[in-house]
Amino acid sequence: MASPLYLTLLIGQVLAVPAPKPLMDALTAAEVTVSATGKNGFQLSFTLANSSPLQLFFLLTMGAPIPLIRVILVASFGGLPQVIMDGMVKHTEVVPDAMQGSAKLVITGEDLSTVMDLTDSSGTPFPGLTPDLRVLAILSKYATYGIVPNVVPVVTPDADVPAVRTPSQKGTDLAYIQQLAKEAGYIFFMQPGPLPGQCQAYWGPQIKIGVPQPALNVNMDSWTNVESLNFRYEPQTAITPIVYIQDQITGVVLPIPIPGVNPLDPPLGLVVPTPQKFEELKNTAKLPVAQAIMQGLARASETADVVTGDGTLSALRYGGILQARQLVGVRGAGLAFDGLYYVDSTRHQIQLGEYKQSFVLKRNALVSNVPVVPTAPF
């Protein structure tokens, strides 16, 4: 019976096309890392014989510089393709093996945000544009890569009057987008797909709600679908941020504590520990009220996850790919740790006939607050 797993490699410059057969035949392993708030990365390993044309494939590529080589990885389960990586090669490494007369070619890269970090565009003006519109203007420059902006408007639009002050960019496009995200209490990441050659550029608040993925089962005999899953409970990591709001009439600065749960990051359990620490965000007094609160909510959400789960699984046994930045259920871990979790990061390790994943789960409470979790296959 044919394997339900099929891996497709596409490669090119701006437009990636299916890799030639010699390249696919030489591919021995692929590794992809996905983080909820940071960059995604990948590494591909190839068998490289001394007489192989691959010796020059990545090193020359018709004279194109290394950062402009695009790589797309598509994993298919049961005929359903899922884009797991869309990025740019950053460097290559050839490791010779004198004993076997061959070598290993390893290429390493990061997601498409790499192309936004190549040129310093300091001084670019954005007259009369709010931060979200500035992000849209920057992302529109990369439409040829299939990048689709997914930008959430800021809570309080703060557009400068051109006659008074015109905001200008500092640093590369990526650095400026990340700076605007931090100021708004937002995050920025690249999400490949849904089709090969497309990529979603998300700029907005971190959202920990949605439809859960099929449950991870532990200690359930034949129903167990993970290889390992361990939990840590660390209530001391939670803090209560304090933002400062300045009254425009009296000039009095008022401290406001920000809770660790909110509509975008609701409690995923019944027992939410009370934070023991306080952290003052003193630079918020000069900000608009809504923007200061958003920064406080972002900081509270960042530290509110007191439960962490680390585990590994075989995607073939799990029945699909565990996706980062989404919810997933856990069963069989006990009263305190069963329930819904947010998948904070995943690491995909793919070899011939094998698809392994390691993952990190997070949540901000103990004891499940839902009676059941989804168990249906993908």
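Residues are numbered from 1 along each chain as its sequence is written. In this predicted model, local features need pLDDT of at least 70, side-chain atom pairs count only at pLDDT 80 or more, and totals for chains, interfaces and linings use all residues.

Strand 10 covers residues 199-204; strands (E, at least two residues) and helices (H or I, at least four residues) are DSSP runs numbered from the N terminus. Strand 10 is largely enclosed by the rest of the structure, because five of its six residues are buried, that is, under 20% relative accessible area with a 1.4 Å probe and protein chains only. Strand 8 (residues 147-151) pairs with strand 10 in the parallel sense over five bridges, where pairing requires at least two DSSP bridges between two strands. Within this pairing, V148 has Q200 as its bridge partner in strand 10. Strand 9 (residues 187-192) also pairs with strand 10, in the antiparallel sense and over six bridges; here F189 is partnered by Y202. The hairpin of strand 9 and strand 10 has six residues between the strands, and G193 takes a positive phi near 95 degrees.

Strand 13 (residues 239-246) runs antiparallel to strand 14, joined by five bridges, and Q246 has V253 as its bridge partner in strand 14.

Key: Side-chain values use heavy atoms; hydrogens and water are left out. Buried means under 20% relative accessible area, exposed over 50%, partly exposed in between (1.4 Å probe, protein chains only).
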